[in-house]
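Here is a short report on one protein chain. Please keep the sequence and the model open while reading.

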Amino acid sequence: MRDVAYGLAAGAAIALALRWLLSKEKSRLTRYAHSADFPPRSIGANGEQAAWWYSEVFAATPTVPRDAGVWTPRETQLLRLTAQGYVEERRAGRVTCEEYVRLLVRRARIYRYMNQWIHTSYAEFDQCVDTARALDARAAAEGVEAIAPLYGLLVPMLGTGAIVGFPSGAGVGVLSGYVACKDCEIVARLRAAHAVVFGATNVPEFAASVNTANPASGQTRNPYDHTLTPGGSSGGAASAVAMGLCALAVSSEDTGGSTRIPALCNGLFGFDPARNHYPNGGNSGMTYTRDQVGVLARAMEDLLLYDSAVGGAGAGDAAR
């Protein structure tokens with residue numbers, strides 16, 4: 001009987017410890033506001049009500065005119081640059097990393113209603129400006145080739161990857177406050193190539209949909225027509241590239257069209273490479289045989305620039 005009593009006491013102590021750990025873990029989960037650009041909880045799985053909400057509520061949401069902020073001729077020129085064009089301008093000293101990054105950060109915040117980034121990224125964009133300023137300082141001290149091959153190009157990471165400094169959470173609201181302690185492998189390559197990591201773009205929950213929407217960050221809008229889908233799961237990345245908020249962006253594992261569908265929906269070039277052409281470590285996936293991060297861009301030359309900087313074994317090592 002004494003052994004039974006000891007066993008019961010030990011079991012009760014373990015149960016209490018587990019409840020305590022679970023309560024602590026629950027307290028760490030992000031509390032977020034249900035996005036006004038996502039169907040309300042009362043609709044649930046009712047397809048007809050969701051369709052009504054998208055046509056009568058979402059499509060009617062007031063939006064900011066495309067020329068908001070009154071872009072100067074200089075700003076318009078910079079916004080239209082391809083990634084290759086930016087690199088040429090930076091190498092020639094006709095633009096600084098900081099000027100370029102400040103402009104695109106401001107543009108992303110003006111058009112926040114497009115829901116192109118995980119909602120927690122917008123408040124963290126100032127660190128992009130700090131990184132750009134540091135790259136300019138290094139270029140001034142050591143020569144511009146010290147920040148080759150990407151020269152401070154802004155490149156958003158997908159919301160499924162681990163990024164130091166930017167919460168992501170794979171599109172899951174309660175995980176969107178977690179910040180990684182180590183970059184995923186593709187982000188590490190981007191930093192080694194002297195890109196500026198531009199937050200985490202919006203994805204459906206666990207990147208498991210051909211449309212890009214989740215309760216915390218809302219439905220990503222298609223820049224060509226807000227009544228159309230941007231595709232998924234890389235709809236946030238594709239919408240941002242198509243709208244000129246960045247020249248290119250990391251796209252999702254193309255297990256079922258996660259790069260190709262958003263490229264089609266937003267009029268972009270999408271590269272879905274062979275398995276392990278780019279490293280997948282630290283980027284949550286659905287399968288071990290088909291998941292592969294890709295890239296989206298407005299110009300084919302930008303895909304080649306990106307691939308030469310971060311693709312294949314050892315890419316970017318010379319920039320370390």
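Which residues is Gln219 in contact with, leaving aside its neighbours within four places in sequence? This is a predicted model, and the contacts below are computed from it.

## Gln219 and its surroundings

The contacts of Gln219 are Asp37, Tyr54, Phe58, Met114, Asn115, Asn211, Thr212, Ala213 and Pro230, with neighbours within four places in sequence left aside. Gln219 sits in strand β4, which covers residues 218-219. Its relative accessibility is 3%. Buried means under 20%, so Gln219 counts as buried.

One of these contacts is polar: the side chain of Gln219 meets the side chain of Tyr54 at 2.9 Å. Ser35 is 184 residues apart from Gln219 along the chain, yet their C-alpha atoms are separated by 8.6 Å.

## The chain as a whole

The chain has 320 residues, and 51% of them count as buried. Its secondary structure consists of ten helices and seven strands.

How many of the contacts between residues at least 6 apart in sequence join residues at least 24 apart? The share is 71%.

The salt bridges in the model number twelve. One of them pairs the side chains of Arg221 and Asp37, at 3.2 Å from N to O. This pair links distant parts of the chain, 184 residues apart. Arg221 lies in the loop between β4 and α8 (235-242). Asp37 lies in the loop between α1 (2-28) and α2 (47-58).

Are the two partners buried or exposed? Arg221 is buried, and Asp37 is buried too. Asp37 is also among the residues in contact with Gln219.

Arg91 and Glu145 form another side-chain salt bridge, at 3.0 Å from N to O. Here the partners are 54 residues apart and link distant parts of the chain. Arg91 belongs to helix α4 (residues 83-91), while Glu145 is in the loop between α6 (126-142) and β1 (154-158). Arg91 has a relative accessible area of 48% and is partly exposed. Glu145, at 43% relative accessibility, is partly exposed as well.

Asp126 and Arg109 also form a salt bridge, with their closest N and O atoms 3.0 Å apart. Asp126 is in helix α6 and Arg109 is in helix α5 (residues 97-110), so this pair ties together parts 17 residues apart in sequence. Asp126 is partly exposed, with a relative accessible area of 44%. Arg109 is partly exposed at 32%.

Where is Ser251 found? It is in strand β5, residues 248-251. At 0% relative accessibility, Ser251 counts as buried. Its side chain makes a polar contact of 2.7 Å with the side chain of Thr259. Not counting residues up to four places away in sequence, Ser251 touches Leu158, Ser234, Thr259, Val293, Gly294, Val295 and Leu296.

Asn280 is in the loop between β6 (269-271) and β7 (294-297). Its relative accessible area is 14%. The cut-off for buried is under 20%, so Asn280 is buried. Beyond its neighbours within four places in sequence, Asn280 is in contact with Glu185, Arg275, Asp291, Gln292 and Val293. Val293 is also one of the residues that Ser251 touches.

## Pockets

Rolling a probe the size of a water molecule over the atoms shows where empty space is left. The largest pocket has a volume of about 210 Å³. Its lining consists of Arg66, Asp67, Trp71, Thr76, Leu79, Arg80, Arg107, Ala242, Met243, Gly244 and Arg298. These residues divide into four nonpolar, two polar and five charged.

The second largest pocket holds about 180 Å³ of space. How many residues line the second largest pocket, and which lie nearest its centre? The lining has 14 residues, with Thr160, Gly161, Ser168, Gly169 and Ala170 nearest the centre. Eight residues of this lining are nonpolar, six are polar and none are charged. The lining of the largest pocket, by contrast, includes five charged residues.

Notes: Residues are numbered from 1 along each chain as its sequence is written. This is a predicted model: local features need pLDDT of at least 70, side-chain atom pairs count only at pLDDT 80 or more; totals for chains, interfaces and linings use all residues. Side-chain values use heavy atoms; hydrogens and water are left out. On a 1 Å grid over the protein atoms alone, a cavity is a set of points where a 1.4 Å probe fits but cannot get out, and a pocket is an open set with protein on both sides within 12 Å along at least five of seven lines; lining residues have an atom within 4 Å of a point. Grid points are joined across faces, edges and corners, and a volume is the space filled by probe spheres set on the points. Ala, Val, Leu, Ile, Met, Phe, Trp, Tyr, Cys and Pro count as nonpolar, Asp, Glu, Lys and Arg as charged, and the others, Gly among them, as polar. Helices (H or I, at least four residues) and strands (E, at least two) are DSSP runs, numbered from the N terminus. Buried means under 20% relative accessible area, exposed over 50%, partly exposed in between (1.4 Å probe, protein chains only). Contact means heavy atoms within 4.5 Å. A polar contact is a pair of N or O atoms within 3.5 Å; within protein, one must be able to donate a hydrogen and the other to accept it, and residues adjacent in sequence count only if both atoms are side-chain atoms. A salt bridge is a side-chain nitrogen of Lys or Arg within 4 Å of a carboxyl oxygen of Asp or Glu.
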